[in-house]
Amino acid sequence: MMNIEELYKIYLENPNITTDSRNCPPNSIFFGIKGERFDGTKFGDAALQNGAAYAVTEGDTLKTLQDLANYHMKQMKAKGLKVIGITGTNGKTTTKELVSTVLQKKFNVLYTQGNFNNHLGVPLTILRIRDEHEIAVIEMGANHPGEIRDLVNIAEPSWGLITSVGRAHLEGFGSFEGVIKTKGELYDYLRAHGGKVFLNKENEYLVPIAEGMEQIPYVTGGVIDNAECRMQNAESNTAQPNSASSILHSALVKFHYSVSPDATEYVQTQLIGNYNIVNLLAAVTVGNYFGVSCEDINAALSEYTPTNNRSQLMKTEKNTLIVDAYNANPTSMAAALDNFQTIPSEQEKMVILGGMGELGPGSDEEHQKIREKIQEIGVKHVWLVGKQWGKYDFETVDEVIAHLQLEPLENKLILVKGSNSQKLFKLPEHL
């Protein structure tokens, strides 16, 4: 049986890795992975017929892929590659995007694309690293204990960042304490290997588990008051692209930070939600640590536009939308609603919320808390989608779409928030 060193030599000559037998570019290696609904090991011949140079279909193919990725990472680190690991309950993908955008102003950066942050996505990301890359930013996700431990052992980061810990995937983690312990596995690895952590010292859950390791505190800063933003916008009478009006422009986060006592930087972003300030400060901190100038940091953060249904502000012919339909858990849902309350709007406000998954026995209680939060912020027009709510308005997003075709909504500011599984990302074209 071929060992990893031998396989690695083949990989160097055929560095394109694929797990889809229908998509096998030249000089590629196909890995047949067994999944819950498919068995990729049965498609080796098809992969070869479709252009793959080699096919790996015997033994534990996932473990082989992970071992190959780890071996490649070791070679790249030996050549000077810097590796940053990012995880967290909320904000890890946005933070990964912001950190990478900032670092790209100075370095050649390889970073996780989309949501390739699990046991399969992380090794596939690593195997895209080439000699020209100077920094790798690797996002790591988990919904069960031990998963971050496994991923850091593959990625071997020298720096790490936990964005937050919240009440998500409780069914898999067992408890909120289980969430903290699992996310903390990144710190455990760094502590054991002399790594450093970018630490938000205002997070009461992260500070205790970061004890005994080298810490790089977040740069200080904060959100500029919305009232000040509105006044500035009124004076300039300008609005950013994709914003509904100068008033709605004030919903986009503007923040300040200082990397030295005698200078304060101000940045206008294209991000919705004051909860993103911690993600922005994380990017400032990482950029500053690696020597990116404030001018370049500011340019990167002001230019960054969110995609993939994460905190996106959209203007349709009929309504203004805040679309955050990629992920949802009790912590992020409450934060989105709190932020929605602060947004000034001449349009009538409405929320369309999808049910939150993987919450285990506490699901009913967590959904009830969100119902109470809706009442607290005073939004009168509410559509709840999904059985998780117990009493809901629509069972599926397709029912919502059918209703909209009969009774369209107009002149509303609508928050669309839900887990990806609820597929609320289908709604904007119908709103």
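This is a predicted model: local features need pLDDT of at least 70, side-chain atom pairs count only at pLDDT 80 or more; totals for chains, interfaces and linings use all residues.
Residues are numbered from 1 along each chain as its sequence is written, and side-chain values use heavy atoms, with hydrogens and water left out.

**View 1. An aromatic pair between Tyr8 and Tyr71.** Ten aromatic pairs are found in a search of the whole structure; rings of Phe, Tyr and Trp (its six-membered ring) pair if their centres lie within 6.5 Å. Planes under 30 degrees apart count as stacked, over 60 as edge-to-face and the rest as tilted. The ring centres of Tyr8 and Tyr71 are 5.0 Å apart and the planes are at 65°, so this pair is edge-to-face. Tyr8 belongs to helix α1 (residues 4–13) and Tyr71 to helix α3 (residues 61–78), so that the pair links parts of the chain 63 residues apart. Helices (H or I, at least four residues) and strands (E, at least two) are DSSP runs, numbered from the N terminus. Tyr8 is buried, at 8% relative accessible area, whereas Tyr71 is partly exposed, at 24%. Buried means under 20% relative accessible area, exposed over 50%, and partly exposed in between (1.4 Å probe, protein chains only).

**View 2. An open sheet of five strands.** The strand order is β13-β14-β17-β15-β16, and the pairing is mixed. Two strands pair if DSSP finds at least two bridges between them. β13 (312–315) and β16 (381–385) are the edge strands, each pairing on one side only.

**View 3. Strand β14 and its two partners.** β14 (residues 320–324) runs antiparallel to β13, and four bridges join the two. These strands form a hairpin with four residues between them. To β17 (residues 412–417), β14 runs parallel, joined by five bridges; here Asp324 has Lys417 as its bridge partner. Five of the five residues of β14 are buried, so the strand is largely enclosed by the rest of the structure. Thr320, Ile322 and Asp324 lie on one side, Leu321 and Val323 on the other.

**View 4. Gln422 in the segment after β17.** Gln422 is buried, with a relative accessible area of 11%. Leaving out residues up to four places away in sequence, Gln422 touches Gly354, Gly355, Val385, Gly386, Gln388 and Val397; contact means heavy atoms within 4.5 Å. With Gln388, the side chains make a polar contact of 3.3 Å. A polar contact is a pair of N or O atoms within 3.5 Å; within protein, one must be able to donate a hydrogen and the other to accept it, and residues adjacent in sequence count only if both atoms are side-chain atoms.

**View 5. Leu404 in helix α17 (residues 397–406).** Leu404 is buried, with a relative accessible area of 3%. Apart from neighbours within four places in sequence, Leu404 is in contact with Trp383, Leu409, Leu427, His430 and Leu431.
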